[in-house]
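Here are a few exercises to work through with the viewer open. Try each one before you read its solution.

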Protein chains: 2
Amino acid sequence: MRNIKIEIQYNGFNYCGWQQQPDSLGIQGTIEKAIYEITRENVKITGSGRTDAGVHALGQVANFNLMSSIPVDKIPNALNSKLPKDISVVKCEEVSSKFHSRYSAQGKRYRYLIHNSMYRTPIYKDISYHVKYELDFEKMCKESKKLIGTYDFKGFMSSGSSVKDTIRTIYDVSLTKEENLIVFEVEGNGFLYNMVRILVGTLVDIGRGRIKEDMFEIINAKSRSKCGHTAPAHGLFLKKVDY
Amino acid sequence: MRNIKIEIQYNGFNYCGWQQQPDSLGIQGTIEKAIYEITRENVKITGSGRTDAGVHALGQVANFNLMSSIPVDKIPNALNSKLPKDISVVKCEEVSSKFHSRYSAQGKRYRYLIHNSMYRTPIYKDISYHVKYELDFEKMCKESKKLIGTYDFKGFMSSGSSVKDTIRTIYDVSLTKEENLIVFEVEGNGFLYNMVRILVGTLVDIGRGRIKEDMFEIINAKSRSKCGHTAPAHGLFLKKVDY
């Protein structure tokens with residue numbers, strides 16, 4: 001049995017998320033259906049993690065077992081010919097049987113787009129969070145850098161998660177701005193449920209002066225109520241997964 | 001009579017361009033209709049220039065005469081409430097009666113997005129030109145810099161234009177790349193019909209080795225056939241107009 005690793009981009013706008021729901025295939029199921037149409041094999045694909053409804057991916061990774069001898073360099077175009085236009089397979093390789101998209105992952109990088117303007121944007125509307133308030137960008141940059149390190153990020157987790165160990169390491173944070181578009185990127189060894197969206201919401205609340213505490217105080221409080229709001233899903237991109 | 005200047009962003013994907021066509025209002029007509037709905041005045045708006053079908057804008061400028069005393073700071077939201085989501089008014093000011101969006105313009109800056117990958121992108125599909133061929137980015141950068149200056153750009157004009165003086169000055173060119181996304185920007189005192197799209201097509205043809213001549217030779221030939229193809233409209237953005 002071959003173990004096939006694929007890298008996928010998607011615009012999550014029209015999906016219930018990575019995982020299947022009663023009334024929708026999800027991105028995972030949509031790809032499984034395309035694999036069936038190409039190979040007539042009913043495979044189960046494993047993603048590096050679930051993405052929520054509306055979240056996008058620039059480099060989601062998944063793997064699956066396959067009997068078919070189709071060459072790996074033919075797989076992306078073959079699958080893309082069956083996939084809807086908002087999902088695209090952009091890489092494919094055969095990997096050792098030990099490779100597991102989720103358990104083998106060493107880290108992830110996310111991107112989040114904020115459109116900071118009094119007025120809506122027609123260009124980035126489906127892929128960015130529209131923040132109308134004036135934001136203190138310099139302050140957001142300064143506070144965002146404090147996120148780098150190993151901390152108990154318990155406060156930055158939505159309820160409903162059964163995760164016990166809430167210590168995570170953030171390796172890198174970047175915040176850049178070009179005109180009205182703010183690009184936040186964060187890389188770490190793992191992220192709690194909704195953690196990136198709460199990090200963004202917290203930075204936005206700091207930028208508009210709603211949160212006065214500094215980032216160390218917020219982290220140390222280990223309380224969801226001390227962090228900012230959960231930024232919406234449609235500004236978030238899973239950018240890459242490291243193995 | 002007040003002279004009102006507005007700055008507009010739009011996603012041109014669903015439009016026949018700036019100008020009205022027999023079966024479509026165009027962007028101009030859509031904005032005029034919104035102005036009518038707000039003020040009950042039938043105004044004619046003047047754009048800094050027409051954009052073709054599918055071309056986007058981050059900073060198109062237009063002006064119009066208005067009787068209504070509606071404050072300028074109320075105009076963007078008032079119009080946006082009537083406009084479709086792919087058009088947005090992002091600035092508004094009252095200007096002297098001498099101001100004319102087209103004749104007063106001193107220069108323009110355009111942006112063009114190229115998605116350079118073997119596989120399609122779901123994220124940027126409606127706003128970028130998908131180039132599947134491998135491109136020599138360094139060579140494209142080097143050749144693009146030669147565009148800066150005052151030249152007869154006659155070759156970089158589509159037929160059907162009645163323009164006689166084809167000398168234009170390009171002040172600035174930038175070409176950057178982040179992963180698969182190449183961003184080309186060009187600023188000049190004016191552009192011939194389809195000039196930016198032909199500049200991009202020429203750079204792409206240079207990057208893939210289809211054109212061997214250097215940019216000076218191409219400019220000097222003053223012949224459309226020595227330049228590259230016309231890159232598609234949907235990768236092009238009118239970024240700003242200088243006055």
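Predicted model: local features only at pLDDT ≥ 70, side-chain atom pairs only at ≥ 80, totals over all residues.

**Exercise 1.** Between which two strands of chain A is the loop where A:Asp52 is found?

Residues are numbered from 1 along each chain as written, chains are lettered from A in the order written, and side-chain values use heavy atoms, without hydrogens or water.

*Solution.* Step one: the loop runs between strand 2 (46-47) and strand 3 (56-66); strands are DSSP runs of E, at least two residues, numbered from the N terminus. Step two: UniProt's unreviewed entry marks A:Asp52 as "active site", though such annotations may be inferred rather than shown by experiment. Step three: A:Asp52 touches, among others, A:Cys16, A:Tyr193 and A:Arg197, where contact means heavy atoms within 4.5 Å.

**Exercise 2.** Work out whether A:Tyr110 counts as buried or exposed.

*Solution.* Start with the cut-offs: buried is under 20% relative accessible area, exposed over 50%, partly exposed in between (1.4 Å probe, protein chains only). A:Tyr110 has 10% relative accessibility, so A:Tyr110 counts as buried. A:Asp52, at 26%, is partly exposed. Now place A:Tyr110: strand 5 (residues 107-116) holds it, and its contacts beyond four places in sequence include A:Phe184, A:Phe191 and A:Leu238. The unreviewed UniProt entry lists A:Tyr110 under "binding site".

How values were computed:
Helix = DSSP H or I, 4+ residues; strand = E, 2+ residues; numbered from the N terminus.
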